[in-house]
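Take a look at the chain, then walk through the topics below.

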Amino acid sequence: MQIIRTCAVMLTLAVTIAACSKSNNNSGGGGAVNSCDGVSAKFSANVLPLIQAKCAINSGCHAGGSVNAGGVLTTHAQISAKAAAIKSAVNAGTMPQGGSLTNAEKAIIACWVDAGALNN
């Protein structure tokens, strides 16, 4: 269960980051938004739960013991060290592998990364 939560948090983080990029596509699942206005992108409240639920769900994804190329993404240090790559993967639609993120989730990740990937 903890692995699933961790992956979900990572995915939410990735989605948020992607949504705050400068492209303008506000359709349902794949695009990004222009602004972080109104987007809550705090690590512990928004990003971590998203990664836990969508990304760090098992060792095949980004949970403890991960063999995935991205490695383990369960702590702020691990996630922030790869923040730009997470944002890029979310924007490209290559993460999460077993699902998708909403534009709101992409925005959380993108805005958090764009704000400096703080441990807030």
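How many helices and strands does the secondary structure of the chain come to? The answer is five helices and zero strands, where helices (H or I, at least four residues) and strands (E, at least two) are DSSP runs numbered from the N terminus. This is a predicted model, in which local features need pLDDT of at least 70, side-chain atom pairs count only at pLDDT 80 or more, and totals for chains, interfaces and linings use all residues. Residues are numbered from 1 along each chain as its sequence is written, and side-chain values use heavy atoms, with hydrogens and water left out.

**Overall picture**
- Along the sequence, the pattern reads α-α-α-α-α.
- Buried residues make up 48% of the 120 residues in the chain; buried means under 20% relative accessible area, exposed over 50%, and partly exposed in between (1.4 Å probe, protein chains only).
- The chain has an accessible surface of about 5,400 Å², and carbon and sulfur atoms account for 56% of that surface; the areas come from the Shrake-Rupley method with a 1.4 Å probe, and for residues only the protein chains shown count as cover.
- Of the contacts (heavy atoms within 4.5 Å) with a separation of 6 or more, 76% are between residues 24 or more positions apart.

**The largest nonpolar core**
- This core has 23 residues, of which Ile51, Ile79, Ile86, Ile109 and Trp112 touch the most other members.
- Helices α2 (43–54), α4 (83–92) and α5 (103–114) each supply at least two residues of the core.
- A nonpolar core is a set of buried Ala, Val, Leu, Ile, Met, Phe, Trp, Tyr and Cys residues joined through side-chain atoms within 4.5 Å.
- In soluble globular proteins, nonpolar side chains tend to be buried together.

- Alanine 77 sits in helix α3 (residues 76–81) and counts as exposed because its relative accessibility is 54%.
- The C-alpha atoms of alanine 77 and asparagine 119 are 8.6 Å apart, although 42 residues separate the two along the chain.
- Serine 66 lies in the loop between α2 and α3 and counts as buried because its relative accessibility is 15%.
- Leaving aside residues up to four places away in sequence, serine 66 touches Ser59, Cys61, Gly71 and Val72.

**Backbone details**
- Most residues other than glycine have a negative phi, and most peptide bonds are trans.
- The peptide bond from methionine 95 to proline 96 is cis, with omega near 0°, and proline 96 is in the loop between α4 and α5.
- Alanine 117 has a positive phi, near 55°.
- Alanine 117 belongs to the segment after α5 and is buried, with a relative accessible area of 11%.
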